[in-house]
Amino acid sequence: MKKMVNIGISINSNGQLMIDDLKINDTALATCVGVDRRVVRNTVNQILEDKKLKKIFRNLKPAGASLVEIAKYLEYSVLIILADSYKSGIISDVSSIFADNNIVIRQALAEDSHLREEPQLILIIQGTINSEIISKIKALKSVKGIVLKK
C-alpha cells in the first residue's frame, strides 16, 4: 500500500489499479515492489473490503511530475530542506524568505513523515540563492539542514 500512496495509484470501481486515467496491471506493481502479482491482487481485495481504505484508494490521485531530476536542464536550482515535520510553518517561513528576495518557487514537494523516515521539503527554484538567503533558512527553528543542488 505504501508504494501505491507514494505514486498515487488508485483503485477504480472495477478493482482496476489506476494512475490517473492510466490502467496499471497487477504484475507491473508486483514487479516494482518485489512480490508476486497475487499478493497485489489480495491487497487490492483487502482494500476494497475495508470502508475507510476503499474511500482513500478510490479517491487517491498522483501529485504530478517532480522536476527534481530535470531542474538543471531548465536552469533551476533544487533546495532540499530537512526539517522537523511536526512543527508548523516551514513552508510559509521559507516562502516568505524567497518572496522577500524576489525568488520564484516553481515547485514544492513536501514529503509526509508517515511515508518517509526523513521527510524533506524539496523546492525547485528559479533565481539565485545567495549565502545570505541560505543563512536565513538555516536559522529557522525547525530546519535541521539544507542541501542546494544546481
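The protein has six helices and seven strands. The model is predicted. Read from the N terminus, the elements follow the order α-β-β-β-α-α-α-β-α-β-β-α-β. The radius of gyration of the protein is 19 Å, well over the 15 Å that the globule rule gives for 150 residues, so the protein is more spread out than a compact globule.

**Overall dimensions and contacts**

- Taken along the principal axes, the C-alpha atoms of the protein fill a box of roughly 55 × 35 × 25 Å.
- Of the 150 residues in the protein, 31% are buried.
- Among contacts between residues at least 6 apart in sequence, 62% join residues at least 24 apart.

**The four-stranded sheet**

- Four strands form an open sheet in the order S5-S6-S4-S7, and their pairing is antiparallel.
- Strand S5 (104-110) and strand S7 are the edge strands, and each of them pairs on one side only.
- On average, neighbouring strands of this sheet are turned by 20° against each other, direction ignored.
- Strands of a sheet pair through backbone hydrogen bonds, in either a parallel or an antiparallel way.

**Strand S4 and its two partners**

- Strand S4 covers residues 77-83, and six of its seven residues are buried, so S4 is largely enclosed by the rest of the structure. A residue counts as buried when its relative accessible area is under 20%.
- One partner of S4 is strand S6 (residues 120-126), and the two pair in the antiparallel sense over six bridges.
- Two bridges to S7 can be named: Ile-80 is partnered with Val-147, and Leu-82 is partnered with Gly-145.
- In a regular strand the side chains alternate between the two faces of the sheet.

**Helices lying across the sheet**

- Helix H5 (residues 90-100) lies across S4, S5, S6 and S7. The direction of H5 is at about 20° to S6.
- Helix H6 (residues 131-138) lies across S4 and S7. The direction of H6 is at about 150° to S7.

**The loop between H6 and S7**

- Ser-142 sits in the loop that joins H6 to S7.
- Is Ser-142 buried or exposed? Its relative accessibility is 7%, so Ser-142 counts as buried.
- Leaving aside neighbours within four places in sequence, Ser-142 is in contact with Leu-82, Ala-83, Asp-84, Lys-87 and Ile-90. Leu-82 in this list is also the residue whose bridge partner in S7 is Gly-145.

**The helix pair H2 and H3**

- Two packed helices are described by the angle between their axes and the distance between the axes.
- The axes of helix H2 (residues 26-33) and helix H3 (residues 37-49) come within 8 Å and cross at roughly 110°. H2 and H3 are therefore roughly perpendicular to each other.
- Which residues of H2 and H3 meet? From H2 they are Asp-26, Thr-27, Leu-29 and Ala-30, and from H3 they are Arg-37, Val-40 and Arg-41.
- By type, the residues of this contact comprise three nonpolar, one polar and three charged.

**Cys-32 in helix H2**

- Cys-32 is part of helix H2. With a relative accessibility of 46%, Cys-32 counts as partly exposed.
- In sequence, Cys-32 and Leu-109 are 77 residues apart. In space, the C-alpha atoms of Cys-32 and Leu-109 are 23 Å apart.

**Two residues with a positive phi**

- Most residues other than glycine have a negative phi.
- Asp-20 is a residue other than glycine with a positive phi, near 60°. Asp-20 is placed in the loop between strand S2 (17-19) and strand S3 (22-24).
- Asn-102 is not a glycine, yet its phi is positive, at about 55°. The loop between H5 and S5 holds Asn-102.
- Is Asn-102 buried or exposed? At 72% relative accessibility, Asn-102 counts as exposed.

Terms used: Residues are numbered from 1 along each chain as its sequence is written. This is a predicted model: local features need pLDDT of at least 70, side-chain atom pairs count only at pLDDT 80 or more; totals for chains, interfaces and linings use all residues. Side-chain values use heavy atoms; hydrogens and water are left out. Buried means under 20% relative accessible area, exposed over 50%, partly exposed in between (1.4 Å probe, protein chains only). Two strands pair if DSSP finds at least two bridges between them. Axes are lines fitted to C-alpha atoms, for helices over the stretch in contact, and angles run from 0 to 180 degrees between N-to-C directions. Angles under 35 degrees count as roughly parallel, over 145 as roughly antiparallel, 65 to 115 as roughly perpendicular and the rest as oblique. Contact means heavy atoms within 4.5 Å. Ala, Val, Leu, Ile, Met, Phe, Trp, Tyr, Cys and Pro count as nonpolar, Asp, Glu, Lys and Arg as charged, and the others, Gly among them, as polar. The radius of gyration is taken over C-alpha atoms; the globule rule is 2.2 Å times the number of residues to the power 0.38.
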